[in-house]
Each structure stands twice: as C-alpha cells, then as structure tokens.
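Subject: Structure handover

Hello,

Here is the structure for your files.

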Amino acid sequence: MECTVRWMGNDAGMSFVAETGSGHAVVMDGAPEAGGRNLGLRPMEMVLAGTGGCTAFDVVLILKKGRHAVSACDVSLKAERAESDPKIFTHIHFHYRVKGKQLKPDVVARAIELSKDKYCSASIMIAKTAEITHDFEIIEEA
C-alpha cells in the first residue's frame, strides 16, 4: 500500500492532497484558526472515516456471504480525543444501522464482533489506544 501526501503550497494555507496507490485522491485541510481554509477533512477525521468504512465494509460482506438479505448499512462514529498532544482517540462509539429482510439480532451482532475482533484492521489498530464500544439497530425492510 502506498500514499503520497502533497502540501498545496503557501497560497493554499494548510491544504494537502493525498493520492493513494490505487489512484484515488482526497483533500485534507486544517481549521482556519490553524491556518487552514476548511477545504477538506481534517486528518483525524480521515482516520475516523476510514475506520467506519472498514467496519461497514466487513459487516456488509459478512452478512452477504452468509446469504442474509441486507440492503443498507450505516455506521455513526463518535470519538473522544486526548486533551493534550498527541491528541489520540481515547474512546470511539460505533452505532450500526443495518437494514434488510428478516435479519436476526444474533447474526448482525456476530458480524459486528467478527469485524471488531478479526477483520477490521483500522479499528483493531485504534483499539490499541482507544476504548471501542458499539451498539446496533436493525431496520426491517418492507
């Protein structure tokens, strides 16, 4: 895996473009009080978003592989950070909303646990410094 992060220069304040080995790019920026122009995600927001994407991917894949009728999956993450530098994540709560037909709570719970304990590299890495909690709700599809 590779990534290049490039500062956009003095005229761009604190804007950076990250380009990944897969050829995708994303803009990161800082808050105005830190010299940024608020043009993109903050780097730690990117870490949080990536973690949510990693676990959501796992949960959907696990449910689909089990031939469960999943049609949607949202994960809301609420993170707390240390007050002093380095301002690492100290607690992250994941709230999953999984929609489908006749999804059983034990099956959804198992998919989330497998992601948390075995498959989601991002959340497993972050769990080294942050307490991770989660809950979920199932929305029955009509």
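This is a predicted model: local features need pLDDT of at least 70, side-chain atom pairs count only at pLDDT 80 or more; totals for chains, interfaces and linings use all residues.

Residues are numbered from 1 along each chain as its sequence is written, and side-chain values use heavy atoms, with hydrogens and water left out.

Cysteines. The whole structure has zero disulfides (a disulfide being a pair of cysteine sulfur atoms within 2.5 Å). For Cys3, the nearest cysteine sulfur is that of Cys54, 16 Å away. Cys3 is partly exposed at 48% relative accessibility (buried is under 20% relative accessible area, exposed over 50%, partly exposed in between; 1.4 Å probe, protein chains only). Cys73 is buried, at 18%.

Pockets. A pocket is an open set of points on a 1 Å grid over the protein atoms alone, where a 1.4 Å probe fits, with protein on both sides within 12 Å along at least five of seven lines; lining residues have an atom within 4 Å of a point. The largest pocket has a volume of about 280 Å³ (the space filled by probe spheres set on the points, which are joined across faces, edges and corners). Its lining includes Met46, Cys54 and Met125, and comprises six nonpolar, three polar and no charged residues. The second largest pocket has a volume of about 230 Å³. Among its lining residues are Met1, Cys3 and Met46.

Regards

Technical notes. Ala, Val, Leu, Ile, Met, Phe, Trp, Tyr, Cys and Pro count as nonpolar, Asp, Glu, Lys and Arg as charged, and the others, Gly among them, as polar.
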